[in-house]
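Open your viewer and keep the selection panel handy. We will walk from a whole chain down to single residues, then cross over to its partner.

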Amino acid sequence: MEYFIELFLGGLTRGSIYALIALGYTMVYGIIELINFAHGEIYMIGAFTALIVASVLTLLGFNELSILVIASLCAVIWAASYGFTIEKLAYKPLRKAPRLSALISAIGMSIFLQNYVLLAQTSDFLPFPALMPEFGFLEPYAHIMSSAEVIIVLTTALVMAALTFLIKFTRLGKAMRATAQDRDMALLSGVNVNRVISFTFIIGSATAAVGGVLIASHIGMINFYIGFIAGIKAFTAAVLGGIGSVPGAVLGGMVLGWTESFATGYVSSDYEDVFAFTLLVLILIFRPEGILGRSTTQKV
Amino acid sequence: MLKLIDVNTYYGNIQALKGIDIEVDEGEIICLIGANGAGKTTTLMSISGIVPPRQGEIFFMGRPIHEMDPDAIVGLGISQVPEGRRIFPLLTVAENLDMGAFLRNDKSEIKKDLAYIYDLFPILAERRHQAGGTLSGGEQQMLAISRALMARPRLLLLDEPSLGLAPMVVRRIFQIIEKINAENRTTIFLVEQNANLALKIAHRGYVMENGRITLADSAASLLSNEAVKKAYLGI
């Protein structure tokens, strides 16, 4: 039983990270119906930014907690500015083009960013400092769930709550929902749709960067390629939950996290990806709109 | 108030509007009639900036608006009730009305307008927490008009408000349109296939064929015009 709980909590941690990244995919898809393939790279850039800032601050002799906070903030801001710029450069000019054009542009952007970081940094794995504090009172339970994992899950819950509030109750959130449902009608209501799209990219990139910092600090190393794998997994999570649906992204992330965790624990870690993608194939066959997705809404 | 001068609008290479001129004065109800595909909806979309004209000029209260973004045009006081109503299906009735007032900041006045709307259409008050997509066609049309009114427009563009509605509901909608025009002095630019009904409430009318304005006259003379009778009134 204890083993089961351990796997369950491990899956929850993994799932949290997937959910944080999947949010960006699903929100962007909801608004402009584009799979933003460069989204995984944003997560990777978030992790690298945190690493660089943390290294500098360590040299300057800052304490651990302030390093974590400042590095995370820098990562979020820097990743958000990347997300904003990518949309303006690679997607906005193609807004009226066929959807395939924007998709190809996204793949190009992804390859470009990977190679840019490869050249600017290195192809080797770089050690990432463990920035997350250890809680003494969790010591007895450390074999089930570490402090870092608790922090990951709690941070994710906090981000989700903030995002739900934003979407449900703010003016911007209402404009986002309206734009997702009928872009021209949103324009006719006076919504500056370009600004809404920019905000969506900024928010999605910021949450991906949070995920990047958390997981890098937890696992302890990063390289230029981590965005690709995480991106594909998070994309899977978004599709599982129903792409375009925010609660779906969270649920999809968790389901994927648990699938992987239990597959690793009860079968073999070699089969982790096999189970994850088998699940994806099954969902696509039997419920293509995803767990919480709606069957294609028709636009009147 | 609104002036279109030699407006040419294209969808890709297809020319939908071929140099049209229209003038709307403050306080009027103007109707634009014509067959399917004549360019009526395109005319409204050009005014609202969704499909901006490639050539020609559009002035509103003396200001050129043909190069402005749609949200800025709404800000100047032009609201549109598009064809097919275009209710946000997953937003509640109340949220749909909120979207109409998106650019306004005068909270107490918005509240007043909301009360006015709920008074005009009690059914909307009853269903305010229901998703817009669950309303019937007639209710959706009421909601669409109300949403546009929430912007307190000076000029209201209406695209086929009678489409797909039962005759009784259509009559009610047209009564409301007349009421809005009379009470709030909101200028109305109405696009309709139901020419008979539209010409009865309008002051003046334009007839459109293949992207061109072919006739412009007072509503009364259009109603008695032999060619119009034959082509659009089914008499």
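How many helices and strands are there in chain A? Select chain A and you will find eleven helices and two strands, where helices (H or I, at least four residues) and strands (E, at least two) are DSSP runs numbered from the N terminus. Before going on, note that this is a predicted model: local features need pLDDT of at least 70, side-chain atom pairs count only at pLDDT 80 or more, and totals for chains, interfaces and linings use all residues. Residues are numbered from 1 along each chain as its sequence is written, while chains are lettered from A and ligands numbered from 1 in the order in which they are written.

**Stop 1: chain A as a whole**

Colour chain A along its sequence and the pattern reads α-α-α-α-β-α-α-α-α-β-α-α-α. Along the principal axes, its C-alpha atoms fill a box of roughly 60 × 45 × 35 Å. The radius of gyration of chain A is 19 Å, which agrees with the value near 19 Å for a compact globule of 300 residues; the radius is taken over C-alpha atoms, and the globule rule is 2.2 Å times the number of residues to the power 0.38. Buried residues make up 50% of the 300 residues in chain A. A residue is buried if 20 or more other C-beta atoms lie within 10 Å of its own, exposed if 12 or fewer, and partly exposed in between, with C-beta atoms placed from the backbone.

**Stop 2: helix α8 and the core**

Next, select residues 193-219 of chain A, which form helix α8. The end C-alpha atoms of α8(A) are 39 Å apart, in agreement with the 39 Å that its 27 residues should span at 1.5 Å a residue; the expected span is 1.5 Å times one less than the number of residues. Since 21 of the 27 residues of α8(A) are buried, the helix is largely enclosed by the rest of the structure.

Now show the largest nonpolar core, which has 159 residues. Such a core is a set of buried Ala, Val, Leu, Ile, Met, Phe, Trp, Tyr and Cys residues joined through C-beta atoms within 7 Å. Among those with the most contacts inside it are Ala209(A) and Leu190(B). Helix α8 of chain A gives the most to this core, with 14 residues. Centre on Ala209(A): beyond four places in sequence, it touches Ile42(A), Tyr43(A), Gly46(A), Ala75(A), Val76(A) and Ala79(A). Two residues are in contact if their C-beta atoms, placed from the backbone, lie within 7 Å.

**Stop 3**

Select residues 246-266 of chain A for helix α10, which reaches 30 Å from its first C-alpha to its last. Here 15 of the 21 residues are buried, so α10(A) is largely enclosed by the rest of the structure.

Is Leu9(A) buried or partly exposed? With 18 C-beta neighbours inside 10 Å, Leu9(A) counts as partly exposed. Leu9(A) lies in helix α1 (residues 2-32) of chain A.

**Stop 4: over to chain B**

Select the open sheet of chain B, whose four strands have the order β2-β1-β4-β5 with antiparallel pairing; strands pair if DSSP finds at least two bridges between them. Its edge strands are β2 (14-24) and β5 (63-64) of chain B.

Finish at the contact between the chains, which takes 21 residues from chain B and 16 residues from chain A. On the chain B side, α2 (70-76) and α3 (93-100) each supply at least two residues.
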